[in-house]
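The following briefing concerns a structural model. Please consult the sequence and coordinates alongside the points below.

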Amino acid sequence: MQTKSKTLTLAKRGLNFEMFMWMVTRLTALAMYGLILIAVIGALIMGARTQMNMADIMRWGFMPNVTHVQNTNVPDVAPWSTPFWRLVGSALLLVAVGHGVHGLVVIADDYIVSERGRRIVRNLSIIMMLTMSGIGLYILWTF
Amino acid sequence: MGLKRNVSLSTALRYKGQGPMLTFVLHRIGGLGIAIFVTTHILASFLGGKGGVFVNGIYENWIFQLFIFFCVLFHAINGLRITILDLFPKLIEHSREAIWLEWAVFLPLYGFAVYVIVRAGLGG
């Protein structure tokens, strides 16, 4: 029988960037579940049960942006474009971009092993993260 | 500097990782699919014009929806399993059972979605 503990405390393990992002990936996953749940519950409160079909609710849940309800039977899209929903959308966008871009870096690290290659991937990922966040926020707050 | 593996490709492909390996591969494919879809969808909405309409037209195609919904649903359910097992490490003992439970949740949900999407796609 093994008596030694298989797990190390965080202090013994040390907190580096990889460890930090490992935790961020899991916590952002939970945050996305929460934000999608808020969007779906909000849609049902605003009358989606009779005015939208399931695909429309899912599209809205995936990203609560007003352009995602424009082709539905919702009579007035004004309640769907309030600052509250723009803030929920922005939170979902930023969390998803962070989670997604780090995921791409993890995948790239599995196949690119040279120091230089990894540095290029990291620089590209930072540029991609900033541009996609910027474009996404622009779409969310101007349409 | 190239990639150095200590196994040949044919050995790697014959690796019998079974259930956990399958979820790992599908999680990776799903994540890549979502990343590519979301990026191009945001860019298409931002740029608009003929190119934007063309790209968003692909996303409205029912065959593409079958693919992207598989990516999203599998990534979400498998990600929830990973998150729960990682945040409560004692549960890792039951990881095989967790994967079976995951399929038991995924298959009915995805099957229902396939039925709805295909019926709508065939104009029924």
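Phe37(B) and Tyr59(B) are both buried, where buried means under 20% relative accessible area, exposed over 50% and partly exposed in between, with a 1.4 Å probe and protein chains only. This is a predicted model, in which local features need pLDDT of at least 70, side-chain atom pairs count only at pLDDT 80 or more, and totals for chains, interfaces and linings use all residues. Residues are numbered from 1 along each chain as its sequence is written, chains are lettered from A and ligands numbered from 1 in the order in which they are written, and side-chain values use heavy atoms, with hydrogens and water left out.

**Aromatic pairs**

- Over all chains, the structure holds 17 aromatic pairs; rings of Phe, Tyr and Trp (its six-membered ring) pair if their centres lie within 6.5 Å, with planes under 30 degrees apart counted as stacked, over 60 as edge-to-face and the rest as tilted.
- Phe37(B) and Tyr59(B) form an edge-to-face pair, at 4.6 Å centre to centre and 80° between the planes.
- Because Phe37(B) lies in helix α2 (residues 18-47) of chain B and Tyr59(B) in helix α3 (residues 49-60) of chain B, the pair ties together parts that are 22 residues apart in sequence.
- Helices (H or I, at least four residues) and strands (E, at least two) are DSSP runs, numbered from the N terminus.
- One aromatic cluster is formed by Phe69(B), Phe70(B), Phe74(B), Trp103(B), Phe106(B) and Tyr110(B).

**Leu66(B)**

- Leu66(B) belongs to helix α4 (residues 62-87) of chain B and counts as buried, at 19% relative accessibility.
- Not counting residues up to four places away in sequence, Leu66(B) touches Tyr110(B), Val114(B), Ile117(B) and Val118(B); contact means heavy atoms within 4.5 Å.
- Arg28(B) is 38 residues from Leu66(B) in sequence, and the two are 17 Å apart in space, C-alpha to C-alpha.

**Chain A overall**

- Chain A has six helices and zero strands.
- The C-alpha trace of chain A spans about 60 × 45 × 25 Å along its principal axes.
- Of the 143 residues of chain A, 36% count as buried.
- Among contacts in chain A with a separation of 6 or more, 63% come from residues 24 or more positions apart.
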